[in-house]
Amino acid sequence: TKPAPKPTVHTDCADAEGYYSCLGTTSDFGLLMTQVWLIMNSYSKTTPNDAVSKLWLSWEQKGLTALSDFQQVKRITSIESLDQFYLYLQDCAPVVTVLDLKWDNQILYRTAQLATPVATSYVCKINTLLLRMALSK
């Protein structure tokens, strides 16, 4: 008998509910990290004295960038696993304002479905930045 085929993970497209998946690999972590970095970089510049901003800025001083891979994130932040990174993101108000996150042995994320015009405007700005970055590659 032949072994069962391994499931194929498509990290470059969203599922039926609009969620992208991140297993922490070099092929899927970059998109999530870029989005998180844009959110936190913007937030930290506008509210540098907030505790969340101070932590983020300390990580940036240690070398965290939008292009950091998961191994670099783990080294810089002392976050040891993908589920710990998910918990950090889930507890980070600026991130969950923009991204809808779920855990299913991987990080599932999509743009949050927002009801307020101010928050929606913020998400539109983030999405515009992400689109510009993607088109510039």
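Mentor: A salt bridge here is a side-chain nitrogen of Lys or Arg within 4 Å of a carboxyl oxygen of Asp or Glu. The model is a predicted one, and by this rule it has two salt bridges. In one of them K102 pairs with E17, with 3.3 Å between the closest N and O atoms. K102 belongs to strand β2 and E17 to the segment before β1, so the pair ties together parts that lie 85 residues apart in sequence. K102 is partly exposed, because its relative accessibility is 32%. The other salt bridge joins R110 and D100, at 2.9 Å from N to O. Here R110 sits in strand β3 and D100 in strand β2, 10 residues apart. D100 has a relative accessible area of 23% and is therefore also partly exposed.

Now the sheet itself. Its three strands are arranged in the order β1-β3-β2, and the sheet is open with antiparallel pairing. The edges are taken by β1 (20-22) and β2 (99-103); each has a single partner strand, so one side of each has no neighbour in the sheet. From one strand to the next the twist averages 25°. In general, strands of a sheet pair through backbone hydrogen bonds, in parallel or antiparallel fashion.

The pairing of β2 with β3 can be followed residue by residue. Strand β3 covers residues 107-111, and five bridges join it to β2, the two running antiparallel. L99 of the pair faces T111, which is in β3, while W103 stands opposite I107, also in β3. These two strands make a hairpin with three residues between them. N105 lies in this loop between β2 and β3, and its phi is positive, near 60°, although the residue is not glycine. With a relative accessible area of 66%, N105 is exposed.

A second residue with positive phi is found in another loop. S78 is not a glycine either, yet its phi is about 65°. Its place is the loop between α3 (70-77) and α4, and its relative accessibility of 56% makes it exposed. Helix α4 (residues 82-90) then lies across β1, β2 and β3, and it runs at about 145° to β2.

On the β1 side, D28 deserves attention. D28 is in the loop between β1 and α1 (29-46). It is buried but has no salt bridge, and K74, the nearest side chain of opposite charge, is 12 Å away. What the D28 side chain does reach is backbone: the nitrogen of L23 at 2.7 Å and the nitrogen of T25 at 2.9 Å.

To place the sheet in the whole chain: there are six helices and three strands, and from the N terminus on the order is β-α-α-α-α-α-β-β-α. Of the contacts with a separation of 6 or more, 50% are between residues 24 or more positions apart. Buried residues account for 36% of the 137 residues in the protein chain.

Notes: Residues numbered from 1 in each chain as written. Predicted model: local features only at pLDDT ≥ 70, side-chain atom pairs only at ≥ 80, totals over all residues. Heavy atoms only, no water. Pairing = 2+ DSSP bridges. Helix = DSSP H or I, 4+ residues; strand = E, 2+ residues; numbered from the N terminus. Axes fitted to C-alpha atoms, helices over the stretch in contact; angles between N-to-C directions. Contact = heavy atoms within 4.5 Å. Buried < 20%, exposed > 50% of the residue type's maximum accessible area, 1.4 Å probe, protein only. Lys, Arg positive; Asp, Glu negative; His and termini not counted. Polar contact = N/O pair within 3.5 Å; in protein donor to acceptor, adjacent residues only side chain to side chain.
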